[in-house]
Amino acid sequence: MTTQKGSKRDGKNRRGLSDSTKVEIRRIDARADMVTKLGHSVAKYGSAAIIAFFAYRAVDTLAGVDTFADITVSWLVSCKMTGFAALILALAALLYGHYQRKLRKDVIERMHRYQAAYERERDPNRTSSKLTPRGDTRKEDL
Amino acid sequence: MQDAIIILAINTLLVLFLWHLYFFEYRTYRLDLTRQRLFRIRDELFAEFDRHGWPFDARAYGIMRRTLNGVIRFNHRLSLSRYWGAVLADREVANGELGRRFEEEFQAALAELPQDAQECVLKARREMHDVVIEHMVLSSLLATLVAAVAFCLFLTHRLVSVLLKKSSSFDAEAEIVGRQTISA
């Protein structure tokens, strides 16, 4: 325990920063963190609020309460918008699925060698499924 | 009227799905992707040291691995504002001492390693920076838009450069046309 504390203290000395400097750095770091969180929240919930606002305006316009129909409101009640948004959503979802799958395969490829090495070490006669390193079916097995 | 309400409901839902896809699914995906890339860099560093029999207790290896571990662990908090926060904190409070001392320590530790091992550690550091910068840009909507505009400007600049390289052919033809105009 004493040795750990000692080495920790040595580490601090090596960087040569006083406690007040470290506190100040932490303070600025926390402020930057706050700016990041605030920015993310504004982007996330701000855009949700904008969507809700225009949907509400569109309902009012349809009910005849609000007679001023701007371009965003008329877009929200148009069939063209439905097709366009559906197309974008479908494309985005397809891309998302594709890249998620690629990421999963990348992880399998990265991890499989450790699994194989460990099992070979424990069991030299270990047999293999002979799938590719990414977990795909081999071409000759198709 | 009823049709319009149905269309409005469908459109609002579609936009909300897109919003969810970007702000939740895509953000989480980017985090997983960046971590996977950083893990791969760390694994490759380990594998290279293992293959060549370079010491795992080398200081440079330790610093690089600790740095990678730090980025992997706090990747969810990484952003352009935090990056500038770290730079500003070091510059304003410690007169850049924090970064300078890290660099000195890193370079001194690197010098203890053979040339090949040094290059391997430096490659890992370069790759880590690339991954971090890509993550910071692509996980921010504003930065993505700015980067997209910058990319378009870069492409335009390249196109203009290519066109200008071929300008002598264009000039020659223009000169011929000009000569014909004079003679006419």
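Is Cys120(B) buried or exposed? I looked this up first. Cys120(B) is buried, because its relative accessible area is 13% and the cut-off for buried is under 20%. The model I am working from is predicted.

I then checked Cys79(A), which counts as exposed because its relative accessibility is 56%, and exposed means over 50%.

Largest core. I looked for nonpolar cores next. The largest one has 25 residues. Inside this core, the residues with the most contacts are Leu38(B), Leu45(B), Phe49(B), Met64(B) and Val121(B). I noted which helices of chain B each supply at least two of its residues: helix 1 (2-52), helix 2 (59-73), helix 4 (97-111) and helix 5 (115-138). Helix 5 of chain B gives the most to this core, namely 8 residues.

Leu45(B). I listed the contacts of Leu45(B), leaving out neighbours within four places in sequence. The list holds Tyr61(B), Met64(B), Leu68(B), Cys120(B), Val121(B) and Ala124(B). The buried cysteine I began with, Cys120(B), is thus one of the contacts of Leu45(B).

Another core lies apart from the largest one and has 10 residues. I wrote down some of its members, including Val73(A), Leu76(A), Ala85(A) and Leu14(B).

Domains. Last, I looked up the domain assignment of chain B. The assignment gives domain 1 as 2-139 and domain 2 as 142-184. Taken over C-alpha atoms, the centres of domain 1 and domain 2 of chain B are 39 Å apart.

Methods:
Residues numbered from 1 in each chain as written. Chains lettered and ligands numbered in written order. Predicted model: local features only at pLDDT ≥ 70, side-chain atom pairs only at ≥ 80, totals over all residues. Heavy atoms only, no water. Buried < 20%, exposed > 50% of the residue type's maximum accessible area, 1.4 Å probe, protein only. Core = buried A, V, L, I, M, F, W, Y, C linked by side-chain atoms within 4.5 Å. Helix = DSSP H or I, 4+ residues; strand = E, 2+ residues; numbered from the N terminus. Contact = heavy atoms within 4.5 Å. Domains from an automatic or database assignment.
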